[in-house]
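The report below describes two chain-to-chain interfaces of one model, taken in turn.

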6 protein chains.
Amino acid sequence: MAKIIGNSLSNIPWQEKPEGYEMPIWRYKSNPIIKRNAIPSSNSVFNSAVVPFKDGYAGAFRCDSKSVSMDIFAGFSKDGVNWEIEHEPIVFQSDNTELLKKEFRYDPRICFIEDRYYITWCNGYHGPTIGIGYTFDFKEFFQMENAFLPFNRNGVLFPRMINGKYAMLSRPSDNGHTPFGDIYYSQSNDLEYWGHHRHVMATIPGNDSAWQSTKIGPGPIPIETDEGWLLIYHGVITTCNGFVYRMGCALLDINEPWKVKYRSKDYIMTPTTDYECIGDVPNVIFPCAALTDADTGRIVLYYGCADTVTGLAFTTVDTLLDYLKANSL
Amino acid sequence: MAKIIGNSLSNIPWQEKPEGYEMPIWRYKSNPIIKRNAIPSSNSVFNSAVVPFKDGYAGAFRCDSKSVSMDIFAGFSKDGVNWEIEHEPIVFQSDNTELLKKEFRYDPRICFIEDRYYITWCNGYHGPTIGIGYTFDFKEFFQMENAFLPFNRNGVLFPRMINGKYAMLSRPSDNGHTPFGDIYYSQSNDLEYWGHHRHVMATIPGNDSAWQSTKIGPGPIPIETDEGWLLIYHGVITTCNGFVYRMGCALLDINEPWKVKYRSKDYIMTPTTDYECIGDVPNVIFPCAALTDADTGRIVLYYGCADTVTGLAFTTVDTLLDYLKANSL
Amino acid sequence: MAKIIGNSLSNIPWQEKPEGYEMPIWRYKSNPIIKRNAIPSSNSVFNSAVVPFKDGYAGAFRCDSKSVSMDIFAGFSKDGVNWEIEHEPIVFQSDNTELLKKEFRYDPRICFIEDRYYITWCNGYHGPTIGIGYTFDFKEFFQMENAFLPFNRNGVLFPRMINGKYAMLSRPSDNGHTPFGDIYYSQSNDLEYWGHHRHVMATIPGNDSAWQSTKIGPGPIPIETDEGWLLIYHGVITTCNGFVYRMGCALLDINEPWKVKYRSKDYIMTPTTDYECIGDVPNVIFPCAALTDADTGRIVLYYGCADTVTGLAFTTVDTLLDYLKANSL
Amino acid sequence: MAKIIGNSLSNIPWQEKPEGYEMPIWRYKSNPIIKRNAIPSSNSVFNSAVVPFKDGYAGAFRCDSKSVSMDIFAGFSKDGVNWEIEHEPIVFQSDNTELLKKEFRYDPRICFIEDRYYITWCNGYHGPTIGIGYTFDFKEFFQMENAFLPFNRNGVLFPRMINGKYAMLSRPSDNGHTPFGDIYYSQSNDLEYWGHHRHVMATIPGNDSAWQSTKIGPGPIPIETDEGWLLIYHGVITTCNGFVYRMGCALLDINEPWKVKYRSKDYIMTPTTDYECIGDVPNVIFPCAALTDADTGRIVLYYGCADTVTGLAFTTVDTLLDYLKANSL
Amino acid sequence: MAKIIGNSLSNIPWQEKPEGYEMPIWRYKSNPIIKRNAIPSSNSVFNSAVVPFKDGYAGAFRCDSKSVSMDIFAGFSKDGVNWEIEHEPIVFQSDNTELLKKEFRYDPRICFIEDRYYITWCNGYHGPTIGIGYTFDFKEFFQMENAFLPFNRNGVLFPRMINGKYAMLSRPSDNGHTPFGDIYYSQSNDLEYWGHHRHVMATIPGNDSAWQSTKIGPGPIPIETDEGWLLIYHGVITTCNGFVYRMGCALLDINEPWKVKYRSKDYIMTPTTDYECIGDVPNVIFPCAALTDADTGRIVLYYGCADTVTGLAFTTVDTLLDYLKANSL
Amino acid sequence: MAKIIGNSLSNIPWQEKPEGYEMPIWRYKSNPIIKRNAIPSSNSVFNSAVVPFKDGYAGAFRCDSKSVSMDIFAGFSKDGVNWEIEHEPIVFQSDNTELLKKEFRYDPRICFIEDRYYITWCNGYHGPTIGIGYTFDFKEFFQMENAFLPFNRNGVLFPRMINGKYAMLSRPSDNGHTPFGDIYYSQSNDLEYWGHHRHVMATIPGNDSAWQSTKIGPGPIPIETDEGWLLIYHGVITTCNGFVYRMGCALLDINEPWKVKYRSKDYIMTPTTDYECIGDVPNVIFPCAALTDADTGRIVLYYGCADTVTGLAFTTVDTLLDYLKANSL
C-alpha cells in the first residue's frame with residue numbers, strides 16, 4: 001500500500017468507483033462541474049487549478065472570454081465542486097511594470113510552498129513562457145520574474161524544495177500549436193534564477209505507446225508518495241483529424257525527479273464523454289490540478305474538457321500506482 | 001433606440017428571447033429548420049439566403065449533393081421556417097455561354113435593389129470568384145458577368161446605391177481552404193465593372209479578439225439603420241483541431257461604409273449546440289441572410305450549421321447595437 | 001435482377017430497410033455492435049473483417065490498445081452480431097523470423113480461397129505495407145511474405161483466381177496520413193511474387209464527386225455478381241477541419257477487374273450518427289468486410305465508426321447496383 | 001514574314017545573334033547592364049520597365065533598397081543600355097491620400113496609350129494588387145485607383161483599346177510566395193472600373209511542359225503583330241530546391257486576346273549564366289519590358305536576373321514566331 | 001587487396017588521382033563531359049547510365065527537353081567520354097499498349113545479364129514506379145511489365161541472379177519531392193513478378209551522419225567484389241535552403257545483399273565544383289552508372305550534376321573499400 | 001568620434017577600405033581565410049569564434065565533418081588570418097557525465113571575462129540549447145551547466161558583468177530550421193542559474209526592413225563603446241528559394257542593454273561573392289566573432305560563408321556607428 005506524503009483533507013470531494021468500472025480514474029457523475037458560461041464574460045472555463053484554502057478551496061481559473069482572450073481568474077468553493085469565480089481577472093502587483101504587460105495568460109497551476117500559494121501559468125511575453133506569482137489570501141497577487149525564456153508551456157512546481165532547491169517541470173515549445181514537446185526539470189535557489197535543467201521524459205515514437213507520440217506535458221503539482229513523486233501528465237497523438245489529448249502518469253525518483261521509475265504505457269484516461277469530445281477543441285482532456293487526502297489516499301483531478309468546460313475525476317494513490325506498475329513502458 | 005431603415009415585415013418569424021438568456025442572439029427552439037436531406041439529392045443544406053417574396057419568402061439554398069457537389073437551388077416558404085426547396089439547381093440564362101459553364105456554386109446571398117432580386121455567390125470560374133445574377137420572380141434567372149477576378153468569396157451587395165454607386169463587400173482569398181482573409185468594399189456604376197476598392201476590416205492578430213484572428217467575411221446583406229450599416233460577419237480562429245467559425249457584427253459609416261464605427265470585440269454567437277458542433281465540418285456557424293422588420297426592429301438570421309444544416313436565430317437592432325457598443329474593439 | 005455468385009448464408013444477420021428510408025444502405029438499429037472497450041486492453045475496435053466460419057462466424061479485429069498500439073485479434077460469433085474477441089493478438093508462425101517482427105498491424109481483411117482463410121492487413125515493415133497470412137481454423141495462423149514494398153494500405157484479395165492468377169486490390173500510399181491515393185490491381189501466381197500491376201480508379205478532382213477527391217481505397221473482399229465484381233470502397237475529402245471518410249461502390253469487369261464499368265458519383269453512405277461523427281477520429285466510416293447470401297442477395301457490411309467502434313449495415317445486391325447505375329460517374 | 005504593328009525605333013539597342021546559337025533569344029554580351037548597386041541605396045535592381053522617350057529611353061526600375069524595401073524609381077538612358085536611375089523613388093500625386101500610402105511597390109510595367117505613359121505595378125494595399133498611374137514626362141506622376149482587389153501581381157496593359165475597351169492581363173495570387181497562378185484578361189471603359197474578366201492561360205500540370213507547371217504571369221506589354229498579340233511571359237517550376245523562373249511566349253487572338261492561338265511548349269529562355277543562377281533568388285529570369293522596331297522586327301527584352309540585376313536580350317518577331325509555331329502546345 | 005569480380009575493360013576512361021588529393025573519388029578534369037544542350041531538344045542531360053558495348057560504349061541518357069519533359073535517349077561512344085546521343089527518345093515495343101503510354105521516364109540504369117542489356121528507369125504510370133525493358137543492340141528496345149506498384153524510384157538490378165533469383169534494389173517514395181526514403185531489396189524468378197522484399201538500409205537520423213538523414217537511394221549497378229557487393233548510393237540532407245545530394249557507398253553481403261557489412265559514415269563525394277553547385281537544382285551529385293575493369297580495379301562513375309549536366313569521376317575498388325572500412329557507421 | 005572601451009590589439013589583422021567602396025564593411029581580399037577542407041575530417045569550417053590569446057590568437061571552430069556531424073575544434077593563429085585547427089574536437093571535462101553526452105555542438109562564441117575564456121555554443125541536449133564552458137589555456141576545457149532549457153541558439157555573453165550580473169543574449173527557437181526568432185537578454189549571478197529575461201529586438205514584418213523579417217540572432221560578443229554596446233547580428237528573409245542571411249548592427253544601452261538606441265534599417269553586409277553565394281547553404285553570411293583595437297577603433301569580423309567556409313571583414317567603430325545612425329529604424 002502506497003502512502004501519500006501530505007496533509008489530510010477530510011472534506012475532499014468524493015464519489016466511489018462505479019461497479020464494474022475498469023479504468024483507474026472515474027468521472028464525477030454530474031460533470032462538467034463548471035460550464036462554459038460560468039461567469040458573464042466567459043466563452044469557456046477549463047485547464048484550471050485549485051487548492052485547499054481555509055475551510056474550503058480556492059483556485060485560479062482559465063476563463064477564455066467571449067472575445068476569446070485567455071486570462072486567469074480567482075475562484076472559491078466550499079466543497080470543491082460548486083465554484084464562485086471572480087468576474088474580473090487576477091491583477092498582479094510588481095515593481096517592474098514591463099512584467100505586468102500581459103499578452104495572454106492561461107493554464108494556471110497552484111502550488112503551496114512554505115507560507116504562500118505560488119501560481120504558475122503560461123504567460124505571454126513576446127511568446128508563451130512560464131509566469132510565476134504568489135498570493136497569501138487569493139485577494140492580493142504578486143508577480144515575480146518569468147521563469148524561462150520563451151517558448152514554454154506547463155510550468156509545474158514541486159510542493160517542496162528538493163536537494164535544497166525549488167524545482168519545476170515544464171514543456172519547452174514553440175510559438176504556435178507546437179507539434180512536439182518533452183518534459184524537463186529545472187532548479188532554482190530563489191524561484192528567480194533557474195538552471196541545472198534535466199530532461200525527464202520524451203514522447204514515444206512509433207506504435208508502442210502512440211497516444212503520447214506527439215507531445216507530453218506535466219499536469220497537476222506532483223504528488224509526493226513514499227514510493228516517489230506521482231506525476232500525472234497529458235499526452236497527445238496526431239490523427240488525420242487533429243490532436244487527441246489523453247492522460248497518463250509516471251513515478252519519478254523522490255530525490256532525483258528527472259529519473260523515471262515507472263511510466264504509463266497505457267493511458268489512464270481518454271476522452272469518451274460528450275463534454276470531452278465536443279466543444280471548441282474536440283477530444284481534449286487536460287489535467288491541471290489534484291487534491292489529495294493523505295489519510296485515505298484519495299486523489300481528485302480537475303481537468304479541462306474539450307477546451308470548453310471543467311470536469312472532476314477520482315482515483316486513489318493505490319489504484320493509480322497499481323495500474324501504473326502493471327502497464328509501464 | 002436605433003431604427004432599421006427599411007420595410008415592415010409583419011410576418012417575420014419570431015420567438016422571444018428565453019428568460020435569463022444573456023447573449024444578444026438566441027436560437028430558434030426547433031433548429032435546425034432545414035435538415036441535411038431536405039431534398040432527395042442533398043447531402044447537406046446550409047449557408048443559404050432568403051428574402052421576403054410576395055406574401056411569403058423565397059431563397060437561394062446551398063445544397064451540396066450526395067456526390068458532394070456544391071450548387072444553389074431556389075426555395076419558397078410561407079412562414080420563413082418551413083421551406084420547399086426545388087429539386088433541380090437554379091438555371092441561369094446569359095448570352096455569354098462561357099459564363100454559364102459552372103465549376104461550382106455556393107454560399108449565395110440575395111439582395112433586392114430597385115426592381116429585382118440580385119443573387120451573388122461564390123462562383124467557380126478557374127477558381128472561386130463572385131458570381132452575380134438576378135431574378136424578378138425566382139423562376140427565371142439571369143446571369144451577369146463575374147464581379148471580380150478570382151480568388152474571392154462572400155460577395156455581399158448593399159441594398160441601395162451609396163454615393164451613386166452600387167457597393168459590394170467581399171473577402172479576397174486563394175484557391176484552397178484560405179487561412180487568411182479581410183473584408184473589402186468595392187464600387188460600381190453598373191454592377192458590371194468594379195473599382196474604387198477600399199479595405200474595411202482586417203483580422204485581429206494576437207489575444208485581443210482571437211475568435212477573428214484567422215479570417216473574417218461578410219454575412220447577410222448589411223442592414224441600414226439610422227446609426228449606420230449594421231454588418232453581421234463571420235470570424236474564424238485556428239485551433240489545434242481546425243477552424244472554429246463564429247459570428248460578430250460591426251457598424252459601418254452610412255456614407256463611407258469602409259469606415260468602421262464599432263466592431264465587436266466579443267463574438268455575438270458561437271457554436272454550442274449539437275447541430276452546430278457535429279456535422280461534416282464541426283464547429284461552424286455561418287450567417288448568410290437576415291430578415292428585418294423596421295416596425296419592431298426585429299432581425300432574424302439564417303445561418304449554416306456545421307456545413308450540414310440550416311438554423312434560425314433571433315435578435316433586435318437594439319439588442320445588437322447595445323451589445324456591440326458595449327463590447328467594441 | 002442481379003445475382004451474387006457465391007454461397008448461401010441463411011443465418012446472415014438482417015434487418016429490413018426502414019420505411020421511407022431512401023439511401024441504399026441502412027444501419028443496424030443497435031449499432032455499434034462492438035464497443036470501444038470490447039476487450040480489457042482495447043481503446044477501440046474498428047476496421048475489422050469477418051467471414052462465415054463453421055456454423056457461425058469468425059473474424060480478425062483491429063483492436064487499438066489503451067497504449068494506442070494497433071494490432072489484430074481473432075474473434076468468434078454465433079450470429080454475426082454478438083462477438084467474442086480474443087484477449088491476445090493473433091500470433092503468426094513463419095520460418096522467417098524477420099517477417100514476424102511486427103511494427104504494427106491494422107485494418108485486416110479476410111478472404112476464403114480454395115481451402116483456407118487468407119488474412120491481409122496493413123503491416124508495419126519499415127513502413128506500412130500489405131501483410132498476408134492464412135489460417136484453416138482461426139487458431140493457428142501462418143504468415144507469408146509481404147505482398148509489396150512499402151508504402152501501401154488496404155490490400156484486398158479477390159475470392160478466386162482470375163485469368164489463372166491470384167488478384168489483389170490495394171492503395172499505394174506514403175509513410176504518414178497520406179493525402180492522396182488511388183486503387184490498383186496486382187496479380188500473382190503464388191501469392192508470393194506480385195506483378196502485372198494495373199491502375200483501377202483515381203480520385204476525382206474538383207466539384208464533380210468531391211467526397212472522393214483526396215483518396216480512395218478498397219473495402220471488403222469484392223463481391224462476385226453476374227454483372228461483374230461489386231467493389232465497396234471508401235472515399236475521402238479534405239475539409240478545413242480534417243478528413244471525412246465516406247463509402248462508395250463500383251462494378252468492375254469480371255475478367256479484367258481493372259476496368260471499371262460503373263462507379264458511384266454519389267456516395268452510398270456518409271457519417272451521420274453520433275457514433276460515426278464523434279470518437280477518436282470524427283466523421284469516419286470505413287468498411288472492411290461484407291457477408292453475402294447468394295439466395296436472397298443480401299449484403300451485410302462491417303465498418304469502423306470514427307476509428308472507435310464497429311457498426312453493421314445492410315443492403316442488397318439489387319439495391320446497390322440500381323443505385324450505382326443511377327448515380328454513376 | 002510577320003510584322004510588328006508599331007513604331008520605328010531606329011536606335012533600338014542591338015547585337016546580332018551569335019554564330020551557331022540555336023535558341024530564339026540571345027543575351028547582350030555585357031550583361032548585366034544594371035548592377036545591383038546602381039544607385040547608392042540599392043541592394044538590387046531588376047524586374048524593370050523601359051519605353052522609348054524623347055530621343056532616348058525612360059524607365060521605371062524596381063530597386064530594392066539595402067533595407068530590402070521594394071520600390072520603383074524613374075530612370076533615363078540615351079541608348080537603352082546605359083541608365084541613370086533617380087536616387088529617390090517615384091512620387092505619385094493623387095487627391096485620395098489613402099491611395100498614396102504605399103506598403104510596397106514592385107515589378108513595374110510601362111505602356112504608352114494615346115497621350116501618356118501608364119505605369120502599372122504590384123502595389124501593396126493590404127496585400128499585393130495592381131496599382132496604376134501615369135506620367136507625361138517622367139517627372140510628374142499621377143496615381144489612379146488600384147485596378148483590382150488584392151491579391152494580384154503582374155498587371156500588364158495592352159497598348160491600345162480592344163473592342164473599345166482598355167485591357168489588362170494579370171495573375172491573381174495570394175498573400176505570400178504564391179505556388180499557383182494563371183493569366184487572366186480584364187476590361188475597362190475608363191481604367192478605373194474593371195470587369196468582363198476572362199481566363200487566358202493555365203499552368204500545365206504533369207510532364208508535358210513542366211517548366212510552366214507551378215505558375216505563369218505576363219511579362220512585357222504585348223506586342224501587336226499582324227498575326228496577333230505576341231505575349232512574352234514567365235513560367236515557374238517547383239524543384240526540390242525551390243522555384244526556377246523561365247520565359248515563354250504565346251500568340252493571342254488580335255480581337256479576343258483571351259483566346260490563345262499558339263503557346264510555347266518549349267521555353268524560349270532559361271537561366272544559364274552566373275548572373276541569372278546566382279543572386280538573392282537564384283535561377284530567376286523575369287521579363288518586364290520589350291522594345292520593338294517595326295521596321296526590322298527587332299525585339300529587345302529587359303529582364304530581371306536572380307532578383308538581383310537587370311539583363312538585356314535580343315530576338316526578332318520572326319525568330320520568335322517561327323520558334324513558337326514549331327514548339328507549340 | 002580487393003578484387004572486382006567481372007570483365008576486363010582495358011579501354012576504360014581514366015585519369016590518375018591528383019597529387020595530394022585526399023578524397024577517395026576524383027573528378028575528370030574536363031568535366032562536365034556532357035553539356036546541357038548536348039542534343040538540340042535538351043534542357044539538360046544528367047542521371048544517365050552507360051555500359052561497355054561492342055568495342056566502345058552505349059548508354060541511356062536522361063535528357064530533359066526544353067519543355068522540361070523527362071525522357072530517356074540512347075547514345076554511343078568510342079571512349080566513354082565523348083558521346084553521341086540520339087535526337088529522339090528510346091521507343092519501346094510491347095504487346096501491351098497500356099504499358100507504352102508513358103507519363104514520363106527518367107534516371108535510367110543499365111544492367112547486362114546473361115544475354116541482354118536490361119534498362120530500368122523511373123516510369124510514370126499513375127505515379128512514378130520502376131519500368132523495365134531490354135535491348136540486345138541499343139536499336140530495338142522491348143518493354144516489360146513495371147516491377148512494382150507506384151511509388152518508387154531508383155530501381156537498380158544486380159548483374160547476376162542471387163540465390164537463383166533476379167534481384168533489384170529500389171527506393172519506395174511518394175508522388176512528389178519525397179522527403180524520406182530507404183533502400184529495399186526485392187526478388188524475382190522472372191523479372192515479371194516480384195516479392196520477398198527486404199529492408200537494406202535506412203536514413204540516419206540526428207547528427208551522426210547527417211548527409212544521409214533525409215533519404216538515400218541506390219546508384220549504379222552494384223559491383224561484385226570478392227568481399228561482397230559494392231554499392232554506391234546517394235544520400236540527401238535537408239538544409240534551410242533545400243536538399244543537398246551527396247554520394248556514399250556500402251558493402252553488402254554477397255549472398256544476402258540485404259545485410260550491410262560496411263556503410264560509409266563519411267560521404268565519399270560532395271558537390272563542390274561550379275557545375276555541381278550551380279544549375280537547375282543546385283548542390284546535387286547523383287551517380288547512376290559505373291564502369292569497372294577487373295584487371296586494374298578501376299571504377300569510373302557517371303553522375304548527374306545539379307540536375308543539369310553529366311560528370312565523370314574515378315576511383316579504384318581498393319581506394320573505395322579502404323575508405324569505407326575506415327569510415328563506416 | 002566613438003571609442004571602443006577595451007584593450008589595444010596592435011597586431012589586429014587589417015586591410016584598408018578599398019577606394020570608392022561605399023558599404024561600411026569590406027572584405028579581406030584573400031577570402032575565404034579558412035577553406036572547407038581545412039582539417040582532414042572537415043566538410044566545412046564556418047560560424048567560428050576567435051579571441052586574442054597570448055601573442056597571437058586562439059579560436060573555437062565549427063567544423064562539420066565529412067559525415068556532416070557538427071562539432072567544435074580549438075585552433076591557433078599568429079596573425080588571425082592563417083589558422084591551425086586541431087584535428088580532434090574539443091574535449092570538455094565535468095563531474096556531471098550526463099552533461100558531456102553531446103548530441104551536437106555548433107556555432108561557438110568565445111568571451112573573455114575576468115580570468116578565463118568562456119565558450120558558449122549551440123549544444124544538443126534533447127534539442128538545441130546554449131552550452132557553456134571555459135578554458136584558461138585552450139588546452140583544458142571545463143563544461144558548465146547549460147544556460148537554458150531547449151530550444152535556443154546563439155548564446156552570446158557580454159564581456160563584463162552589467163548591474164552586477166553576467167548577461168547573455170540569445171535567440172529562442174524550435175527544434176528545426178526555425179522560421180522565427182527574436183533576440184532576448186538574460187541575467188545570472190553565477191553563469192549557472194539564469195533569469196530576469198528581457199526582450200531586446202523583434203523581427204521586422206512587412207516591407208520596412210525585410211532582410212530581417214524572418215529571424216534575427218546575435219553575432220559576436222557585443223563591443224563596448226562610449227555610446228553603448230555595439231551589437232552585430234544576423235537577419236534572415238524568406239525568399240521563394242529559401243533563406244538569405246545578412247548582417248546588421250544595433251547600439252544597446254550601456255546599463256540596460258535590452259533597450260535599443262539604434263538599429264540598422266539597412267543591412268551592413270549582404271552575400272555577394274561566390275564563396276558567400278555558393279556552398280552547402282547558399283546566400284549565408286553569419287558573423288560569430290569580432291576582434292577590436294581600442295586604439296584605432298578597428299573591428300575585424302569573422303563570419304561563416306554559405307555554411308561552408310570562413311571569411312574575414314573589416315570596419316571601424318566610427319564607420320559602423322555613423323552608418324547605423326544614418327540608417328536606423
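How much area do chain F and chain A bury between them, and what percentage of it is on carbon and sulfur atoms? Together they bury about 2800 Å², 55% of it on carbon and sulfur atoms, where buried area is the accessible area (1.4 Å probe) that two parts lose on being put together, summed over both. This is a predicted model, in which local features need pLDDT of at least 70 and side-chain atom pairs count only at pLDDT 80 or more, while totals for chains, interfaces and linings use all residues. Residues are numbered from 1 along each chain as its sequence is written, chains are lettered from A and ligands numbered from 1 in the order in which they are written, and side-chain values use heavy atoms, with hydrogens and water left out.

**Chain F and chain A**

Contact, meaning heavy atoms within 4.5 Å, links 32 residues of chain F with 32 residues of chain A. Arg198(A) and Glu98(F) form a salt bridge (a side-chain nitrogen of Lys or Arg within 4 Å of a carboxyl oxygen of Asp or Glu), their closest N and O atoms lying 3.9 Å apart. On the side of chain F that touches chain A, the residues comprise 11 nonpolar, 15 polar and 6 charged, with Ala, Val, Leu, Ile, Met, Phe, Trp, Tyr, Cys and Pro counted as nonpolar, Asp, Glu, Lys and Arg as charged, and the others, Gly among them, as polar.

Strand 14 (residues 193-201) of chain A runs antiparallel to strand 14 of chain F and is joined to that strand by 3 bridges; strands (E, at least two residues) and helices (H or I, at least four) are DSSP runs numbered from the N terminus, and two strands pair if DSSP finds at least two bridges between them. Within this pairing, Trp194(A) has Trp194(F) as its bridge partner.

**Chain D and chain E**

Here 25 residues of chain D and 20 residues of chain E make up the contact. The buried area is about 1700 Å², with carbon and sulfur atoms giving 52%. On the chain D side, Asn207(D), Cys240(D) and Asn241(D) lose the most area to chain E, together 38% of what that side buries. The count of salt bridges is 1: Arg246(D) with Asp280(E), the closest N and O atoms being 3.0 Å apart.

| Chains | Buried area | Carbon and sulfur share |
|---|---|---|
| F and A | about 2800 Å² | 55% |
| D and E | about 1700 Å² | 52% |
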